Amino acid sequence: MSGYFITFEGGEGAGKSTILHRIANRLQEEGYRVLTTREPGGIPIAEKIRDVILDKEHTTMDAKTEALLYAAARRQHLVEKVIPALKEGQIVLCDRFVDSSLAYQGYARGLGMEEVYHINQFAIDGKTPDLTLLFDISPEKGIQRIHNNQHRETNRLDQENTTFHQNVYHAYQKLVEKFPNRIKRIDANFDIIEVEEMTYTTIKSFLRT
């Protein structure tokens, strides 16, 4: 029996990481076998690449270098952690996947979404999520949440200007239009309890199909 690959996407401060773990706990309480992970990271090799990508001192990193590093981390994470779990029938909840690269490097960095898509096709061999949840919140409100949350990990992407984050937001809207059957929008403007409930309902509806 093959499992389900469900990814959580959104701009900075959307709250997806917090919701992911809350949903995982609920599903596990119901008897589902759930694996939580993140990109870039999730395994030792990819976590080391994450440190390089998100280091706040690496301000001179070239956009193509960044895209290639994300793809490299993604490949190792996929073959070492995600695919084995899916083969065991687990539900994999992953914080970010290819859509993030399309939005951040493809659109916001100006490399081109199609170009970044092709880079990542080499990395993932056509493996795509079964369901993607986009936590939709304005970049201004997301950044404000980051500033208000002193416990959140800050990284190099948090230092980008408002225009960059607005471009990320617009890219995600384009992706929803392009992949309406896979990507479901979650209104992240509500409080955490309401957002969790919307997410839970969407995932359970998917699992029942």
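Modeller: Let's start with a term: contact means heavy atoms within 4.5 Å of each other. Another is naming: helices (H or I, at least four residues) and strands (E, at least two) are DSSP runs, numbered from the N terminus. This is a predicted model, in which local features need pLDDT of at least 70 and side-chain atom pairs count only at pLDDT 80 or more, while totals for chains, interfaces and linings use all residues. Residues are numbered from 1 along each chain as its sequence is written, and side-chain values use heavy atoms, with hydrogens and water left out.

Colleague: Thanks! Which elements do the buried residues of H2 pack against?

Modeller: Buried means under 20% relative accessible area, exposed over 50%, and partly exposed in between (1.4 Å probe, protein chains only). The buried residues of H2 pack against strand S2 (34-38) and helix H3 (63-87).

Colleague: Which residues of helix H2 are buried?

Modeller: In H2 (residues 44-54), they are Ala46, Ile49, Arg50, Ile53 and Leu54. Their arc around the axis is only 120 degrees, so they sit on the same side of H2. The arc is taken from the directions from the helix axis to the C-beta atoms. Pro44, Lys48 and Asp51 are exposed on the other side of H2.

Colleague: Now for pairs of helices. At roughly what angle do the axes of H3 and H4 cross?

Modeller: Axes are lines fitted to C-alpha atoms, for helices over the stretch in contact, and angles run from 0 to 180 degrees between N-to-C directions. Angles under 35 degrees count as roughly parallel, over 145 as roughly antiparallel, 65 to 115 as roughly perpendicular and the rest as oblique. The axes of H3 and helix H4 (residues 98-108) come within 11 Å and cross at roughly 175 degrees. H3 is therefore roughly antiparallel to H4. On the H3 side the contact is made by Ala63, Glu66, Ala67, Tyr70 and Arg74, and on the H4 side by Val98, Ser101 and Gln105.

Colleague: How do H1 and H8 cross?

Modeller: Helix H1 (residues 16-29) and helix H8 (residues 192-208) have axes that come within 10 Å and cross at roughly 55 degrees. H1 and H8 are therefore oblique to each other. Among the residues making this contact are Ile19 and Ile23 of H1 and Tyr200 and Ile203 of H8.

Colleague: Let's look at a single residue. Is threonine 7 buried or exposed?

Modeller: Threonine 7 counts as buried because its relative accessibility is 0%. Threonine 7 lies in strand S1 (residues 4-10). Leaving aside neighbours within four places in sequence, threonine 7 is in contact with Cys94, Phe97, Pro129, Leu131, Thr132 and Leu133.

Colleague: What should I know about the backbone?

Modeller: Most residues other than glycine have a negative phi, and most peptide bonds are trans. Here, a cis peptide bond joins glutamate 39 and proline 40, with omega about -15 degrees. Proline 40 is placed in the loop between S2 and H2.

Colleague: Where is arginine 96, and what is its phi?

Modeller: Arginine 96 is in the loop between strand S3 (91-95) and H4, and its phi is positive, near 85 degrees. With 12% relative accessibility, arginine 96 counts as buried.

Colleague: And is aspartate 125 buried or exposed?

Modeller: Aspartate 125 is exposed, at a relative accessible area of 56%. Its phi is positive too, about 55 degrees, although aspartate 125 is not a glycine. You will find aspartate 125 in the loop between helix H5 (113-124) and strand S4 (131-136).
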